[in-house]
Amino acid sequence: MARALQLAARGLYTTTPNPRVGCVIVRDGAVVGEGWHERAGAPHAEVHALKAAGVAARGATAYVTLEPCSHHGRTPPCAEALVDAGVARVVAAMTDPNPLVAGRGISILTLAGIRAEVGLMEAEARALNAGFVSRMTRQRPWVRLKTASTLDGKTALANGASQWITGAAARADVQRLRARACAILTGSGTVLADNPRMNVRDFDIGRQPLRVVVDSGLRTPADAAILPALIACRHAEPGARAALEAAGAEVVEFPEADGRVDLAALLARLAQRGINEVHVEAGAALNGALLTAGLVDEWVAYVAPMAVGDDARGLFAGPPLMALADAARFRLHDVRQVGDDLRLTLLPT
């Protein structure tokens, strides 16, 4: 199963909106076939592994990181392929959270007389597909917030200068986070201040994540480098909408929450479009709004070993707290050095 998870991770950047899945087929203690899902519309992991195994699949055990699918989509059901191949046993890391499957794949196997088990290395399998699981079970994507700050928690000087707080290695690492995401989210303040492209530049993954700008007042200029993008606003003035749409933008109105775009409604809309993981690179206002709304699932904080003083810009904006008990709390999930900087991966407690 550990090998199957390694194989599944090869699809880290390419399978969206599908989950990342790997499969290993073993007979008489020897691996006879391996495969992974490479991209949506392509054969699933089990199909590749069965093809590699050939007749050796009969009587073998298939280790797969996700319950074999049972429905006809762009590819035939993998559960039926395993039955037709004559495997004797299937070990799945986890049940598929997709309601179209949700145990039906296991049922097909057991009804065909195949021994089926679920739960081996389930935590690792869920972590690999946190976005897919989130979309299927919560109807919203997994939100990964990235920040880059000084050791004293500042993102820019008071005059806005921020290039570069972190080093080249950390910036290259961020490209990997962008590449695995289905969408990159930022705010209009960041667009106006920095005119970023917010794209994947260092990886040839055959796609670009959907770029999304939270822009309550529709301030994004028609010549912004981030376009084409989805612009989430409260009310689209016809002239501004027309200019942005002419530049390739998709302008979508959302309900209001606390005077700004309802972020929960935005995430729900993104889930409906098959978005599994949202990568956030934004300023203090949007960061704070997501944190206050409880919409941050993972925080990746790059910290540079420098201090710039208390008049510099901070990470999060939000209402003042009256007690430390009200603070948003996280636990350290991973800590490592990237170049001269630290990368902290934190999960909400």
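Does aspartate 173 count as buried or exposed, and at what relative accessibility? In this predicted model, aspartate 173 counts as buried because its relative accessibility is 7%, which is under the 20% limit for buried residues. Aspartate 173 is located in helix H7, which covers residues 168-180. Leaving aside residues up to four places away in sequence, aspartate 173 touches Tyr302, Val338 and Arg343.

Nine strands form an open sheet of mixed pairing, in the order S11-S10-S9-S8-S14-S6-S15-S18-S17. Strand S11 (250-253) and strand S17 (330-338) are the edge strands, each pairing on one side only. On average, and with direction ignored, neighbouring strands of the sheet are turned by 20° against each other. Strands of a sheet pair through backbone hydrogen bonds, either parallel or antiparallel. The pairing of S17 with strand S18 (residues 341-348) is antiparallel and runs over eight bridges. Within this pair, glutamine 337 stands opposite leucine 342 in S18.

Helix H10 (residues 263-272) packs on the sheet and touches several strands, including S6, S9 and S14; the direction of H10 makes about 165° with that of S9. Helix H11 (residues 284-292) also packs on the sheet, where S6, S8, S9, S14 and S17 are touched. The direction of H11 makes about 110° with that of S8.

Leu332, Val335 and Leu342 make a nonpolar surface patch of about 260 Å². Of these residues, leucine 332 lies in strand S17 and counts as exposed because its relative accessibility is 53%.

Side chains of opposite charge can pair when their charged atoms come close. The whole structure contains 21 salt bridges. One of them joins glutamate 281 to arginine 178, with the closest N and O atoms 2.8 Å apart. This pair links distant parts of the chain, 103 residues apart: glutamate 281 is in the loop between S14 and H11, and arginine 178 is in helix H7. Both glutamate 281 and arginine 178 are buried.

Another salt bridge connects glutamate 277 with arginine 180, the closest N and O atoms being 3.0 Å apart. Here strand S14, which holds glutamate 277, is linked to helix H7, which holds arginine 180, across 97 residues. Glutamate 277 is buried, with a relative accessible area of 2%, and arginine 180 counts as buried at 16%. Salt bridges with shared partners join Arg20, Arg144, Arg180, Glu277 and Glu298 into one network.

Definitions and conventions: Residues numbered from 1 in each chain as written. Predicted model: local features only at pLDDT ≥ 70, side-chain atom pairs only at ≥ 80, totals over all residues. Heavy atoms only, no water. Pairing = 2+ DSSP bridges. Helix = DSSP H or I, 4+ residues; strand = E, 2+ residues; numbered from the N terminus. Axes fitted to C-alpha atoms, helices over the stretch in contact; angles between N-to-C directions. Contact = heavy atoms within 4.5 Å. Buried < 20%, exposed > 50% of the residue type's maximum accessible area, 1.4 Å probe, protein only. Patch = residues over 30% accessible without salt bridge, like charges linked within 9 Å, V, L, I, M, F, W, Y side chains within 5 Å. Areas by Shrake-Rupley, 256 points an atom, 1.4 Å probe, with all protein chains shown as cover. Salt bridge = Lys/Arg side-chain N within 4 Å of Asp/Glu carboxyl O.
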